[in-house]
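The sequence and the model come first, and the description follows.

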Amino acid sequence: MNLTRALKFGFIGTGNMSQSIIHGLIDVGKWDPKKIFVSNRSAGKQDRIVADLGVQPCRSNEELIDKVDVVFLCMKPQDLVAAIEPIGLSFEAYHRVFSLLAGVNLQTLRNLIPSAQSIVRLAPNLTVRFGTGVVGYCVDRVDFGQEQFVEDLLSPLGKVIKVQEGDELNSLTVATSSGVGFLFEIMSYMQDWLEDYGFEAEQARDMIIETTAGAAELAKKSSLTFEELQNQVASKKGMTAAGLWSIRENQMERILRIGFEKAMLKATELGKLE
C-alpha cells in the first residue's frame, strides 16, 4: 500500500501550477479530493477548483496547516514572507513542506519554517495535469525515506527527477517548465506563418499541434539523437535542409540560449525576497 494516500494535503495558493498538480493527483493518480485542502488569498480561484474537483476549502492558511500533513507552497515568491512568517510556528514536526516558489532556496524556507519534518523544492511543468509532465526536486536533508516519499507522491504527474539545488534545479526549470512556454512561442510563429498562406486559424493550430505531438512521440519511441532524427527529415539539398540552413545562419541557437540564460537570471532575482 502507498502510505502517502493515508495523508492529507494542503495547497496554499490555487494558481495555474497548483491547479495542474491537483488535477494530476486526482485525475491521473486517483487521489481522494476529500483529502486535499486549498486556501487562496482571493476567493474566486479557490471557489472554482472546489466546485470543479470537490477539494476542501479553508478560510485561512493557518486552518489549512492545522488540517493537513503535507503543505504545498504555491503563492508567488514575493508573497511568501507575508503569507508564512506570521504562521511559521504553526508548522509541526510531522509536516512535510513542498515549495513551488521559483528561486527561493531551501535555507530561506527552513528559516521561515524551522519545525517542519522536511522541506522539498519542486520544479513542475503544466503538463503534470495529464500525467505527462516533468517534476524536478531537491531536498533539504538527505534521507532515502524522504526521497522515496517524494517520488511515490509525485509519480502520477510524470517523470520525477532528483537534482541539486542551484544551477541544476534552475536549468531544469528553464528547460522543462519555462520550456513549455518557449515551445508555445515557436508553435505560434508556425501557426501565424500558415495563416499568412491562407489557412484558417483553427486549422493551422491543429496542424502545428499534431506535428509537434507526432515529433515528440517519434523522439520518445526512438533511441536516435535529435540530430539523427532530424537527418531523417532533412535530405541533402532538400526544402527542409534549406530552411534549417537559414535558421542556423540567423543564429537561432544563440537567440534561444540568451533567452534561457535570461530565465536563469530571473530565477536568482526571484529568490531575493528583501
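## Cysteines

Cys 138 is buried, with a relative accessible area of 2%; buried means under 20% relative accessible area, exposed over 50%, and partly exposed in between (1.4 Å probe, protein chains only). This is a predicted model, in which local features need pLDDT of at least 70, side-chain atom pairs count only at pLDDT 80 or more, and totals for chains, interfaces and linings use all residues. Residues are numbered from 1 along each chain as its sequence is written, and side-chain values use heavy atoms, with hydrogens and water left out.

Cys 58 is also buried, at a relative accessible area of 4%. The structure holds zero disulfides, a disulfide being a pair of cysteine sulfur atoms within 2.5 Å. For Cys 58 the closest cysteine sulfur is that of Cys 74, 13 Å away, which is too far for a bond. For Cys 138 the closest cysteine sulfur also belongs to Cys 74, at 15 Å, again too far for a bond.

## Chain and domains

The protein chain has 274 residues, of which 37% are buried. Its C-alpha atoms fill a box of roughly 65 × 35 × 35 Å, taken along the principal axes. The chain contains eleven helices and eight strands; helices (H or I, at least four residues) and strands (E, at least two) are DSSP runs, numbered from the N terminus.

Contact means heavy atoms within 4.5 Å. Among contacts between residues at least 6 apart in sequence, 60% join residues at least 24 apart.

The chain is divided into domain 1 (9-163) and domain 2 (172-271), with bounds that come from an automatic or database domain assignment. The C-alpha centres of the two domains lie 31 Å apart. Twelve residues from domain 1 and eight residues from domain 2 take part in the contact. Together the domains bury about 770 Å², with 72% of it on carbon and sulfur atoms; buried area is the accessible area (1.4 Å probe) that two parts lose on being put together, summed over both. On the domain 1 side, Gly 103, Ala 123 and Asn 125 supply 39% of the area buried against domain 2, more than any other three residues.

## Aromatic rings

Rings of Phe, Tyr and Trp (its six-membered ring) pair if their centres lie within 6.5 Å; planes under 30 degrees apart count as stacked, over 60 as edge-to-face and the rest as tilted. A search of the whole structure finds six aromatic pairs. Two of the pairs are set out below.

| Pair | Centre to centre | Angle between planes | Class |
|---|---|---|---|
| Phe 11 and Phe 72 | 4.4 Å | 5° | stacked |
| Phe 182 and Phe 260 | 5.6 Å | 35° | tilted |

Phe 11 lies in strand β1 (residues 9-12) and Phe 72 in strand β4 (residues 70-73), so this pair ties together parts that are 61 residues apart in sequence. Both Phe 11 and Phe 72 are buried.

Phe 182 is partly exposed, with a relative accessible area of 29%, and Phe 260 is partly exposed at 32%.

Phe 11 and Phe 72 also belong to a cluster, in which ring pairs link them with Phe 98 and Phe 149. The charged end of Arg 96 sits over the ring of Phe 149, 4.0 Å from its centre. A charge sits over a ring if NZ of Lys or CZ of Arg is within 6 Å of the ring centre and within 35 degrees of the ring normal.
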